[in-house]
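This briefing is intended for reading alongside the sequence and the three-dimensional view. Please keep both open while working through the points below.

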Amino acid sequence: MRFEKSDRPGNGTTSRRSALSYLGAGGGVLAAGALLSACTGVQEGQEGGGGAGTFPDTPDWRFVFVNHVTTNSFFVPTRTGLADAAALLGLPEPQWTGSENGNVAQMASAMETALNSKVDGIAISLTDNNAFVELTKRALAAGIPVIAYNANAAGNHPLAYVGQDLYLSGFKMGQRIAGKVTSGEILVGISQPGGNNVQPRLDGIIDALKQDAPGVTVRSVNTGAEQAGELNAMTAAFTGNPGAKGIYAVDAGSTAACASVIKDRGLQGRISGGGFDLLDDTVEGVASGALDFTIDQSPYLQGFLSVLYLYLYRLSGTLVAPPVTDTGLTFVTKENSGPYASAGSKFEGGPNNALVPMPPSIPLPPPSVLNR
C-alpha cells in the first residue's frame, strides 16, 4: 500500500466540522495489515539487529514517546502496545517520558532532549497548540519522523495522528446523554480544561446538548491532571450541586470518580452517569449499572500503531507515509461489559496476557461505521 502525495491524508486535526473519517473506526487495524506487507527494502549501508519476519535487518532504532500524564493508569495499555510492537519488530522498547501532571514545559523539554539525542522517531501527545510547533518542525527538518497520538493540535504538522476523534466522541456522548436527561444541570469532570486531549470532548457534549436537549445546562468541573485528586473534585462538585441530574466526565480518572460518587452516595437508579475509558472502578460501575456507559478508545492501538508507523516510515525510506488513524469509539454498557469486566486483558490495561476467547456472537458495528 503506497500513498502518493495527492492521496495522503492531512494531519488529523480534530474540529467541529471534520471527523477523522479517512480510515473509519477500526481502520487502523486494516491499514496496519496492508502496510506490514508493503515494505521490502532498507537503505543501503544500514546495519543492526535481526529483521522481523521477512523484513531485512535494521538498526536498533530508538523511538521516544512524550506523554502528558506519564503515570496515569489510562496509558497502561498504551505502554503495553508500544512494547509489544517493538518486540514484534525486534526493536528496543521505546522510551516513555514527559510530564506526570500535564506540565507542557516539561513535555517540551522531554521532546527537545529526544531531538538533541538524535532519536529515530518521536510519538507525542499534542495537548497544547503552540508549545510543540517549532520542535516538530525541527524534528522533521532533521529527518526525525513525528507522530501525534492520543491528542492532536491545530497548527502543528506531525506526519499523522493516531487516536480517537475527540470532538466526535464528545458529540456522540452528548447525544446519548440527551436520551436520558432532557432538562436541569449535569456535572462534567475534565482533568485539563483547554487541553487538546479532553477539551474537544467537552465542546462536543455541549454542542450536542444544545441541539438535542437545550434544556440541559453543563457545569464543568476542573478535576486536575493528577489522578489521585479527581475523586475529591467530583465529590466536592456533587456536594455543592446535589440537584444535578447527571454526573459525567471526559477523561479516565474523572469517569472512575463519577462511578465512585454514584456508588458511595447510593445514587444508582436516581442519577445518570457516564464517561470515558476503562479503569477498574469505571468498568465495575458500568457492569453494576451505576454508570450508563463508558467509551473505549483503544489506547493499546495508540501505542502499537504509533511504533508500527514509525518503523515502516523509516524502513521504506519515507515511502510508506503513516495514515491518520481513528482508533475508534465503542460505547461499553451493562449489556456488553462482560468481556471488559472478566477478561483482565492486557489490551485494556489488565494483567492477563493469555488469549481472550471470542464471545459466541459478535455484535454488528454501528451503522455509522458500516456506511463509511
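Helix α2 (residues 76-89) packs against helix α10 (residues 299-315) at about 35 degrees, and their axes lie 6 Å apart. This is a predicted model, in which local features need pLDDT of at least 70 and side-chain atom pairs count only at pLDDT 80 or more, while totals for chains, interfaces and linings use all residues. Residues are numbered from 1 along each chain as its sequence is written, and side-chain values use heavy atoms, with hydrogens and water left out.

**Helix packing**

- Axes are lines fitted to C-alpha atoms, for helices over the stretch in contact, and angles run from 0 to 180 degrees between N-to-C directions.
- On the α2 side, the contact (heavy atoms within 4.5 Å) involves P77, T78, T80, G81, L82, D84, A85, A86, L88 and L89.
- From α10, the residues taking part are P299, Y300, Q302, G303, F304, V307, L308 and Y311.

**Overall composition and confidence**

- The protein comprises 12 helices and 12 strands; these are DSSP runs numbered from the N terminus, helices being H or I of at least four residues and strands E of at least two.
- Of its 372 residues, 52% count as buried, where buried means under 20% relative accessible area, exposed over 50% and partly exposed in between (1.4 Å probe, protein chains only).
- Among contacts between residues at least 6 apart in sequence, 73% join residues at least 24 apart.
- The average pLDDT (the predictor's confidence in each residue, from 0 to 100) is 87, and 83% of the residues score at least 70.
- Over residues 1-31 the pLDDT stays under 50, and the model has 69 contacts beyond four places in sequence for this stretch.
- Residues 33-49 also have a pLDDT below 50, with 32 contacts in the model beyond near neighbours in sequence.

- Strands β6 (residues 184-190) and β8 (residues 246-249) run parallel and are joined by 4 bridges; G189 has A249 of β8 as its bridge partner.
- Strands β9 and β10 run parallel as well, joined by 3 bridges, and G275 stands opposite T294 in β10.
- In a regular strand the side chains alternate between the two faces of the sheet.
- In β10 (residues 293-296), F293 and I295 point one way and T294 and D296 the other way, and all are buried.

- F132 lies in the loop between β3 (121-124) and α4, and F132 is buried, with a relative accessible area of 0%.
- Leaving aside neighbours within four places in sequence, F132 touches V104, M107, A108, M111, I124, S125, L126, T127 and N156.
- T136 belongs to helix α4 (residues 133-141) and is buried at 2% relative accessible area.
- The side chain of T136 makes a polar contact with that of N156 (3.1 Å); such a contact is a pair of N or O atoms within 3.5 Å, where within protein one must be able to donate a hydrogen and the other to accept it, and residues adjacent in sequence count only if both atoms are side-chain atoms.
- Beyond four places in sequence, T136 is in contact with M111, V146, N156, H157 and P158.

**Positive phi angles**

- Most residues other than glycine have a negative phi.
- N150, which is not a glycine, has a positive phi of about 70 degrees; N150 sits in the loop between β4 (146-149) and β5 (160-163) and is buried, with a relative accessible area of 5%.
- D277 has a positive phi near 80 degrees; D277 is placed in the loop between β9 (272-276) and α9 (280-288) and counts as buried at 4% relative accessibility.

How values were computed
Two strands pair if DSSP finds at least two bridges between them.
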